[in-house]
Amino acid sequence: MCLIELVQEFLITSDLQFGFKKKLGCSHAINTMQSVINYYTARGSTVNVCALDIVKAFDKVNHYCLYTKLIRKKVPVQFLDVIINWYSKCFACVKWNNMLSGSFRLCGGVRQGGVLSPILFILYVNDIIEDLQKQGFGCRIGTRYLACIMYADDLVLLSPSLNALQLMIDQCKMSCESLGLSLSKSAAMRVGPTFKHD
């Protein structure tokens with residue numbers, strides 16, 4: 001908690017990430033998605049929606065990649081030293097029928113139950129949103145990019161064009177692979193006047 005207070009200004013992530021942020025929650029993410037869909041359908045457009053899930057995302061955070069992201073955020077060196085120290089000393093063992101295995105080093109993932117872990121995680125996956133914004137496809141309201149909404153490791157893509165939606169999914173796949181992550185479940189639907197068209 002003390003560390004968060006000292007470095008929170010360096011750990012800012014996209015406004016399109018709604019998970020693990022003060023005064024934001026799932027209802028805000030749902031409201032944003034509903035507002036974007038209502039905006040487009042009220043103007044006669046159909047919105048293509050794709051929900052994606054990242055497989056065991058919290059367990060697959062690459063520590064060295066995380067350190068690089070913290071360096072790019074220009075966190076104080078003392079904070080970085082503490083994080084590297086903590087994560088270089090992560091060990092686990094397996095308990096089976098009251099027997100314990102030997103300990104082994106954990107080379108990835110964020111600590112379960114750690115106060116900092118959710119914040120480090122959303123910082124780690126923030127590139128997925130930034131890569132989509134650079135690509136520029138999907139829904140906008142005015143100049144505001146609202147084509148992806150992320151809540152922790154769940155991602156919703158919104159696009160008035162199926163072709164653009166496919167390009168966004170491809171970009172998400174590439175972004176995840178560059179982070180050592182992969183996508184699993186997905187679901188797609190269409191909302192609007194032409195939702196039944198092929």
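Modeller: Asn 126 counts as buried, with a relative accessibility of 4%; buried means under 20% relative accessible area, exposed over 50%, and partly exposed in between, using a 1.4 Å probe and protein chains only. The model is a predicted one, in which local features need pLDDT of at least 70 and side-chain atom pairs count only at pLDDT 80 or more, while totals for chains, interfaces and linings use all residues. Residues are numbered from 1 along each chain as its sequence is written, and side-chain values use heavy atoms, with hydrogens and water left out.

Asn 126 is placed in helix H5; helices (H or I, at least four residues) and strands (E, at least two) are DSSP runs, numbered from the N terminus. Once its neighbours within four places in sequence are set aside, Asn 126 is in contact with Thr 13 and Ser 14, where contact means heavy atoms within 4.5 Å. Glu 130 also lies in H5.

On a 1 Å grid over the protein atoms alone, a pocket is an open set of points where a 1.4 Å probe fits, with protein on both sides within 12 Å along at least five of seven lines, and lining residues have an atom within 4 Å of a point. The volume of the largest pocket is about 460 Å³; grid points are joined across faces, edges and corners, and a volume is the space filled by probe spheres set on the points. Of the 15 residues lining the largest pocket, Gln 8, Phe 20, Lys 21, Lys 22 and Ile 119 lie nearest its centre.

The buried residues of H3 (residues 63-72) are His 63, Leu 66, Tyr 67, Lys 69 and Leu 70. Their arc around the axis is only 160°, so they sit on the same side of H3; the arc is that of the directions from the helix axis to the C-beta atoms. These buried residues pack against helix H4 (77-87) and H5. Tyr 64, Ile 71 and Arg 72 are exposed on the other side of H3. At the start of H3, a side-chain oxygen of Asn 62 comes within 2.9 Å of the backbone nitrogen of Tyr 64. A polar contact is a pair of N or O atoms within 3.5 Å; within protein, one must be able to donate a hydrogen and the other to accept it, and residues adjacent in sequence count only if both atoms are side-chain atoms. After H3 comes Lys 74, with a positive phi near 60°.

The other helix is H6 (residues 162-178), whose 17 residues reach 24 Å from first C-alpha to last, close to the 24 Å expected at 1.5 Å a residue; the expected span is 1.5 Å times one less than the number of residues. Ala 164, Leu 165, Met 168, Gln 171, Cys 172, Ser 175 and Cys 176 are buried in H6. Viewed down the axis of H6, these residues fall within an arc of 130°, so they line one face of the helix. An α-helix has 3.6 residues a turn, so residues three or four places apart point the same way. H5 is included in what covers the buried residues of H6, as are strands S1 (47-54), S7 (144-145), S9 (154-159) and S10 (183-191). The exposed residues Asn 163 and Met 174 are carried on the face of H6 turned away from its buried side. Ser 161 caps the N-terminal end of H6, with a side-chain oxygen 3.3 Å from the backbone nitrogen of Asn 163. Just after H6, Gly 180 has a positive phi of about 75°.

As for the setting, the protein has six helices and 10 strands. Its C-alpha trace spans about 60 × 40 × 25 Å along the principal axes. Of its 198 residues, 38% are buried.
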